[in-house]
Amino acid sequence: MTTQAADAQVVFVGYNAAYLRAIDGHVPSGSVVVIEEPDIIRKRELRDAAARFDCLDRIVPASYQQSAEALDLAAELTATRPVAAVVPGLEYAVPATAALAEKLGLPGATEAAAQALRDKVRLREVSGAGGVRNPRWREVHGPADILEFADGGPVVVKPANRQASVGVQLLDSVDAATAAKAWERTSSAAEYEQVPDRELTWRFLAEERLRGPEYSVEALVREGEVVFENVTAKTVVPGPYPVEQGHLLPAPLDPGTRGAFGSALRKLVAATGFGTGILHAEWILTEEGPTLVECAGRCPGDYLIDLIDLAYGTRVRLTLIDLLAGRPVTLPRSAQQTSAIRFLAAEPGTVTGITGLEEAQRLPGVHVAEVDVEAGQQVRVWASSWDRAGHVIATGPDADTTLRRVLDADAAIRIATD
């Protein structure tokens, strides 16, 4: 548990309700300040958010997405109370968080590492130079680039600096018409509530389409040294949009494969020059070994932190604050049990009814069963993580038991659409 002094404050760049909810009551009252984009405050109706959490003192409006404006707040933030740590609340806040931490002389990712983690083109360059296995890739600026790179074969087309699988497409074959449609879909991807209204710069790339099971490695790092790591097995929906359908951790791997992921992660840390913080690196296990898909420098989404806490008996969000404050931390080397999540799907259309939720909640090992849609609401085909209809979380003594429990809970919930 954090030992934060009552007179110090923790600054979050980006509003993350799940993070605030998890630490509320475990950090001093009014000790958290959130920096958020003015447009996002308006869109997400966050003006009164401080009243929702005892730990939250205030939300300070300032631009941080592809902007250095948040750095101008350093003097104001430290004028009355010392800042203990600067935490990235969201994916788009990673560079500004690292820059602000450096300006305040606090531990952080480092600006160079944060910039690489927020731009997959840059990440490919620096990780490849550092010996990390990457797919064949190139930056693309239009359909002609996609067509030339694919050479008719399977390819992945995606934004280089977005999040949540937004705009990512898997193409089995590519001709001129396919390339044009893929470019239009990828380049026009939008996230209304997640980005400000001002014009931002987006980059795009095409990559070799890899074959193999997908995994992620979640790691806590202190001054370039990995102090905790977990490997998660991922399930992705079939089709053109690679949205995660479920996660299981720790992944049931033999020692050699687990060691290969650990080695690949440490090469990635060294290649990017990552300092202190949390990493969520996604990999595909090919015949040659773990191959990097992408890596984020903030707490992963998809409730992965909750799954880690359930499996390892940790409180990762509090531990991350301690790391970023330069305080000592103690972390387990192995898990106590396994945990899993399954995201709920429904046929596209208008929701007409939901059944089985209470049944799912009563099943053995089920910790959470939630539906995020209601009657009359539209359900869309999954094109990004924002399109999922809910989730179930379960634990068990081993991977097989946990997987069976989470699938039983998933099957119990029925979301009917017209």
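Student: Why does Arg203 count as partly exposed?

Tutor: This is a predicted model, and in it Arg203 has 28% relative accessibility. Buried needs under 20% and exposed needs over 50%, so at 28% Arg203 falls in between and counts as partly exposed.

Student: And what makes Asp119 buried?

Tutor: Asp119 comes out at 11% relative accessibility. The cut-off for buried is under 20%, so Asp119 counts as buried.

Student: How do you know that Arg203 and Asp119 form a salt bridge?

Tutor: Check the N to O distance between the two side chains, which is 2.6 Å. The limit is 4 Å from a side-chain nitrogen of Lys or Arg to a carboxyl oxygen of Asp or Glu, so the pair of Arg203 and Asp119 qualifies.

Student: Why say that this pair ties together parts that are 84 residues apart in sequence?

Tutor: Look at where the two sit. Arg203 is in the loop between helix 8 (176-187) and strand 8 (204-208), while Asp119 is in the loop between helix 5 (111-117) and helix 6 (120-129), so the pair ties together parts 84 residues apart in sequence.

Student: What makes Asp306 and Arg317 a salt bridge?

Tutor: Their closest N and O atoms are 3.3 Å apart. That is within 4 Å, so Asp306 and Arg317 pass. As for placement, Asp306 belongs to helix 10 (residues 304-312) and Arg317 to helix 11 (residues 316-324), with the two eleven residues apart.

Student: Are Asp306 and Arg317 buried or partly exposed?

Tutor: One of each. Asp306 has a relative accessible area of 26%, so it is partly exposed. Arg317 has 10%, which is under 20%, so Arg317 is buried.

Student: What about Arg327 and Asp322, how do you know that they meet in a salt bridge?

Tutor: The N to O distance is 2.7 Å, and the cut-off is 4 Å, so the pair of Arg327 and Asp322 is in. Both of these residues are buried.

Student: How many salt bridges does a search of the whole structure find?

Tutor: The search gives 26. Some salt bridges form a network, which links Asp39, Arg42, Lys43 and Asp197.

Student: Lys43 again! Which residue is 9.5 Å from Lys43 in space, C-alpha to C-alpha?

Tutor: Val195, although Val195 and Lys43 are 152 residues apart in sequence. Val195 sits in the loop between helix 8 and strand 8. Leaving aside neighbours within four places in sequence, its contacts include Lys43, Ile40, Tyr92 and Trp202.

Student: Why is Val195 called buried?

Tutor: Its relative accessibility is 10%.

Student: Which residues touch the most other members of the largest nonpolar core?

Tutor: Trp283 and Ile415, in a core of 49 residues. Helix 9 (residues 255-272) supplies the largest share of this core, five residues. There's also a second, separate core of 44 residues, with Tyr15, Val34, Ala49 and Leu304 among them.

Student: Last one: which residues does the "domain: ATP-grasp" annotation cover?

Tutor: Residues 124-325, according to the unreviewed UniProt entry. Over that stretch the chain is 31% helix and 31% strand, with the end C-alpha atoms 30 Å apart.

Conventions
Residues numbered from 1 in each chain as written. Predicted model: local features only at pLDDT ≥ 70, side-chain atom pairs only at ≥ 80, totals over all residues. Heavy atoms only, no water. Helix = DSSP H or I, 4+ residues; strand = E, 2+ residues; numbered from the N terminus. Buried < 20%, exposed > 50% of the residue type's maximum accessible area, 1.4 Å probe, protein only. Core = buried A, V, L, I, M, F, W, Y, C linked by side-chain atoms within 4.5 Å. Contact = heavy atoms within 4.5 Å. UniProt positions renumbered as here; feature names shortened; annotations may be inferred.
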